[in-house]
Every structure is written in C-alpha cells, then in structure tokens.
Amino acid sequence: MTTYETLLTQDIIDHNTQAGYWDGQILTDHLDRAVARDPNAVASVDSRGSLTYGELAQQVERTAHGLIQLGLGRGDVISLQLPNWKEWVILHLAAVRIGAVTNPLIPIYRDREISFMMERATTRILVVPDSFRGYDHLALARRMVSGQQDPARVMVLAQDPANPPALERDEIAWDEFIATDWEAKGSPEELAERRPGANDVALLMFTSGTTGRPKGVMHTHNTVCAAGLPWPDRMGMDHRDVIHMASTFGHLTGYLFGVELPILLGAKGVFQDVWNKETFVELIAEHGITHTSGATPFLHDLLDAANLADHDVSSLQRFCCMGAPIPRVLLRNARDEFPGCPCWVAGARPSAHCPRAGTRATPSRKSPPRTAGPCVASTCGSPTWTARHCRPVPRASCGCADPPCSWGTWDSWTRPARTSTANGSTPATWPPSTRTAT
C-alpha cells in the first residue's frame with residue numbers, strides 16, 4: 001500500500017465542504033447513481049464500440065477485483081497511456097473503486113517522458129495499446145520496465161482485437177483479463193472496504209514540462225469532482241445531455257470533461273481517439289451531441305469542416321473553448337454558423353492543477369465577446385500538490401465569484417518555479433511533504 005502525505009488540513013476540508021465546493025463523493029458514487037437511474041442508458045461511445053451504464057458498472061467491478069488479484073492496493077499507481085477508449089474509463093473507475101491512483105499519460109509521450117513519470121510515480125501497472133497511429137507502444141512499454149529493479153506489470157490492449165500481439169511472460173492481455181471471472185475471487189464487501197475517502201489522492205497528473213521538469217500534481221477525489229459539480233446548475237446540464245470529447249483523456253481537459261463530466265451527469269459520452277473535424281460533424285448529427293470542450297483550434301476546425309452544411313448540427317448547445325487565446329472573430333463566426341446555440345463557453349483555463357471557466361451570453365456585434373465571466377467550474381478551494389517532494393500551489397484572487405483558483409506551480413524539488421501569484425509576488429516557501437510506500 002502506498003500512502004501520500006500532503007499539507008491538506010482539516011480547516012481546508014471543512015471550509016470547502018461547508019461552502020459547497022466539495023461534496024465528499026467519489027466518481028464511483030456518481031456511477032452507482034447513474035446505474036440506479038437507468039442501467040440501459042448509454043454511457044460511452046467510441047471507435048471500439050459502446051457501453052451502457054449497467055455494462056460499464058459490471059466491467060468496472062470485474063476489473064477492480066482483477067486489479068486486486070494483480071496486487072494493486074490503496075494508493076498504488078496505475079499508469080494509463082491509452083487513447084480515448086472505453087477501457088480508459090473502465091480502468092480508472094476500477095482504480096477509484098479500490099483506492100488506487102490513476103496516472104494519465106498522454107499517448108504522444110515517448111521514452112524520455114514516460115520513464116521520468118513512471119519513476120516519479122513508482123508505477124505498479126502500465127497499460128498501453130500494442131500500437132496506435134503507427135507507433136509501437138508495446139515496445140515502448142518493454143523498454144520502460146526492462147531497466148526497473150521492481151518492474152511494473154504491463155497490460156496490453158490490442159488495437160485490433162482480432163489480431164492480438166504475442167506477449168512475453170508476465171505481460172497481461174486485456175481481452176483475457178476482462179474475460180476472467182475475477183468477481184468469483186472477491187466480494188462486494190471487499191470493494192466496499194477498499195472505498196477511498198474523498199480527500200484521498202485520486203489522480204497523479206504530470207505537467208507538460210514546458211518550462212522545466214514535469215511536476216506530478218496530486219488531485220483528491222474532492223478536487224477533481226469539484227470541477228464538474230457546478231455544471232448542472234450553472235449550465236442547465238443533466239443526464240439527457242450528450243458529451244463529446246476529442247482531447248486526450250491524458251490531459252486534464254479530456255479527463256474532467258470527457259471521462260468525468262458524463263458520469264457526474266449520468267449522461268452519454270461520445271469520444272474521438274483521433275481528431276477529425278468532419279467526423280465530429282457526423283457524430284453531432286448521429287448522436288445529438290449537446291456539449292463539447294476543447295482548445296481554440298478545435299473550434300476553428302469545426303467552423304472550417306467541409307461537411308458542416310450537409311448535416312444537422314442543431315443539437316450542439318455548448319462549446320467550452322479553452323487552453324489558448326480565443327479571437328473575438330472566432331466567437332462571432334461560431335454564432336453565425338450555430339445560430340441555435342444559446343451558450344458558448346469561453347475563457348476556460350485548464351491545467352494539470354486547476355481548471356476554471358467563464359461564460360458570456362451570446363455576444364452582439366457591437367460588443368465583442370470577452371473571455372471572462374463568472375466561474376463555472378473549478379477544482380478550486382484548496383492547494384493542489386506536486387508529487388515526490390510535495391509543495392502546495394498557492395491560492396490566488398482570480399476575480400471569480402466562486403472559490404479562488406489555484407494559480408502557479410512549484411518545482412518538484414527545492415526551488416519555486418518561475419511563476420507568481422495573482423498579485424505578482426513569489427509564493428511563500430513551504431516545507432516539503434513526502435510520499436512514502438508502506
């Protein structure tokens with residue numbers, strides 16, 4: 001079992017709970033609620049098929065028992081370098097069930113990034129496709145574990161299930177794993193006993209390392225769920241929505257608004273593993289997509305899709321545009337192309353630490369839209385934590401009416417990163433915390 005020592009205090013927990021920012025739930029609680037509402041409702045659709053909420057819950061339970069049999073315990077890390085496939089969702093929810101920690105790895109990462117992140121995370125299980133977009137991920141995984149003193153187990157998903165790869169000793173084929181009746185070796189009571197607390201670490205997500213070595217940000221169940229909790233009231237979203245995601249689940253945008261948001265709502269998720277603007281248009285028409293989230297280039301591509309005029313895209317009600325500057329003319333063009341879309345969400349700022357979003361009503365031509373407004377979603381309200389030698393991210397006054405958004409980050413060792421708080425000052429030095437294995 002791995003334990004994480006952070007600087008999260010009871011005062012912080014009490015404040016954010018009493019303020020309503022944290023609800024003390026974990027993601028599998030919302031899954032159970034969705035199953036109880038309608039087990040036959042579609043939970044996810046991707047290039048590999050679809051799952052109902054009942055099927056999803058069944059596979060999550062089986063996977064959870066299987067991970068226990070593989071030795072994964074509370075706080076242990078399972079690293080997922082998978083495309084936007086349903087198996088990503090299954091494995092993550094199974095990890096939540098047993099109190100393990102998910103470490104998302106972006107599919108484009110290669111030896112340098114993966115070796116660094118796996119070493120910092122002390123990964124116990126690494127999950128990869130055998131290949132994806134012409135790259136041999138299985139060979140990468142083998143290189144990663146070959147030099148480890150205590151090598152991680154490698155689980156492999158065949159991109160073509162009809163043509164699985166030949167595996168070496170101790171490597172695990174997903175198709176065989178999920179076909180095994182692991183439930184017979186466990187019990188519902190065992191899963192209930194392993195249920196993590198809402199303030200336990202749920203997600204270990206590394207920053208991109210653009211300005212230095214990547215920092216491993218530790219999110220609790222409360223902080224990641226807090227990002228989606230305001231959406232029903234603020235945006236009028238519920239289980240009838242259809243949520244689209246093309247950004248990788250390995251990025252916080254893809255995780256929060258692709259993996260998590262549909263489950264929080266009990267809604268249908270439609271996922272693209274490879275971005276194609278014309279395919280997105282077809283998916284809107286086929287599934288009645290009502291909401292999507294993505295960086296500015298996704299919106300630009302959508303407006304430039306060659307088949308946009310050939311399909312009924314009137315179901316799309318919200319586009320949460322984030323991660324890059326949003327030209328005003330782009331929002332004007334979006335309003336013209338989607339006149340029935342009542343709400344364009346703009347100004348969201350996701351990072352590995354904390355996402356936040358602002359909304360504006362449909363803009364007039366005389367008053368160009370601004371990418372600012374009331375806070376819609378955030379993991380705000382507390383510091384987040386960087387892995388290994390853990391330092392809190394200071395909270396800052398971001399102008400939101402809701403809880404203050406964390407802003408800035410710290411180096412993983414002793415020097416604060418070259419970022420500052422909202423008032424321009426350097427964050428105060430905190431004593432490092434530790435992560436220990438027991």
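The expected span of a helix is 1.5 Å times one less than its number of residues; helices (H or I, at least four residues) and strands (E, at least two) are DSSP runs, numbered from the N terminus. The structure is a predicted model, in which local features need pLDDT of at least 70 and side-chain atom pairs count only at pLDDT 80 or more, while totals for chains, interfaces and linings use all residues. Residues are numbered from 1 along each chain as its sequence is written, and side-chain values use heavy atoms, with hydrogens and water left out.

Helix α3 (residues 53–69) comprises 17 residues and reaches 24 Å from its first C-alpha to its last, close to the 24 Å expected at 1.5 Å a residue. Its buried residues (under 20% relative accessible area, with exposed over 50% and partly exposed in between; 1.4 Å probe, protein chains only) include Y53, L56, A57 and V60. Just after α3, G71 adopts a positive phi of about 95 degrees.

In helix α6 (residues 137–146), the buried residues are H137, L138, L140, A141, M144 and V145. Viewed down the axis of α6, these residues fall within an arc of 155 degrees, so they line one face of the helix; the arc is that of the directions from the helix axis to the C-beta atoms. Among the elements that cover them are α5 (111–121), β6 (123–129) and β7 (153–157), contact meaning heavy atoms within 4.5 Å. The N-terminal end of α6 is capped by D136, a side-chain oxygen of which lies 3.2 Å from the backbone nitrogen of L138. A polar contact is a pair of N or O atoms within 3.5 Å; within protein, one must be able to donate a hydrogen and the other to accept it, and residues adjacent in sequence count only if both atoms are side-chain atoms.
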